Amino acid sequence: MLVKHMPRNSAVNRDLHGEAVEWDASTHLLAALVDHSAVANWMTATINSGEDAEPLDYPEPVPRPNLSATEPDTDKSDSDDGQEDGDLPAPDQLARFFA
C-alpha cells in the first residue's frame with residue numbers, strides 16, 4: 001500500500017520506471033508542442049523553397065523516456081489479451097486500462 005502511494009520522484013519509482021518519473025502530462029504536452037512546431041516550420045520551409053533546392057531533413061522528435069515501453073507491441077505471439085489485429089477492445093479491457 002505504501003509503495004503504491006509513494007511520491008512521483010521517490011527512489012522506488014525511479015528504480016521501477018527510470019527517468020520516466022520526471023515526465024508528467026505537462027512535460028509530454030510540451031514535447032508534443034515542440035515536435036509539432038518543428039514539423040510546421042519544416043513544412044513551411046519546404047513549401048517556400050525553390051524547385052531546385054535540396055530537400056530539407058525531416059525534424060527529429062524530442063526524445064522521450066521509455067519510448068519503447070509505449071510503442072505498440074508488434075509481436076502478438078505472447079499476447080494473452082485474446083485480441084486479433086483490428087479488433088476493438090472489450091468494455092472490461094477499457095475499464096481496466098482507464099482504472
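Arg-96 counts as exposed, at 58% relative accessibility; exposed means over 50% relative accessible area, buried under 20%, and partly exposed in between, with a 1.4 Å probe and protein chains only. This is a predicted model, so local features need pLDDT of at least 70 and side-chain atom pairs count only at pLDDT 80 or more, while totals for chains, interfaces and linings use all residues. Residues are numbered from 1 along each chain as its sequence is written, and side-chain values use heavy atoms, with hydrogens and water left out.

Back to Arg-96. Asp-92 forms a salt bridge with Arg-96, and the closest N and O atoms are 3.6 Å apart. The term salt bridge stands for a side-chain nitrogen of Lys or Arg within 4 Å of a carboxyl oxygen of Asp or Glu. Both Asp-92 and Arg-96 sit in helix α4, residues 91–98, four residues apart, or about one turn of the helix. Helices here are DSSP runs of H or I with at least four residues, strands are runs of E with at least two, and numbering starts from the N terminus. Asp-92 is partly exposed, at 45%.

How many salt bridges are there by this rule? The count is two. The other one I want to show joins Arg-64 to Asp-35, with 2.7 Å between the closest N and O atoms. This pair links distant parts of the chain: Arg-64 is in the loop between α2 and α3, Asp-35 is in helix α2, and they are 29 residues apart. Arg-64 is partly exposed, with a relative accessible area of 23%, whereas Asp-35 is buried, at 13%.

Next, aromatics. The structure holds one aromatic pair. Why is the pair of Trp-42 and Tyr-58 called edge-to-face? The ring planes are at 75°, with the centres 4.9 Å apart, so the pair falls in that class. The rule takes rings of Phe, Tyr and Trp (its six-membered ring) with centres within 6.5 Å; planes under 30 degrees apart are stacked, over 60 edge-to-face, and the rest tilted. Trp-42 belongs to helix α2, residues 25–48, and Tyr-58 to the loop between α2 and α3 (67–70), 16 residues away, so this pair too links distant parts of the chain. Trp-42 is partly exposed at 24%; Tyr-58 is exposed at 51%.

Last, the surface. Met-6, Val-12 and Leu-16 make a nonpolar patch of about 240 Å². Patch residues have over 30% relative accessible area and no salt bridge; like charges are joined within 9 Å, and nonpolar side chains (Val, Leu, Ile, Met, Phe, Trp, Tyr) within 5 Å. Areas come from the Shrake-Rupley method with a 1.4 Å probe, and for residues only the protein chains shown count as cover. Leu-16 lies in helix α1, residues 11–17, and is exposed at 57%.
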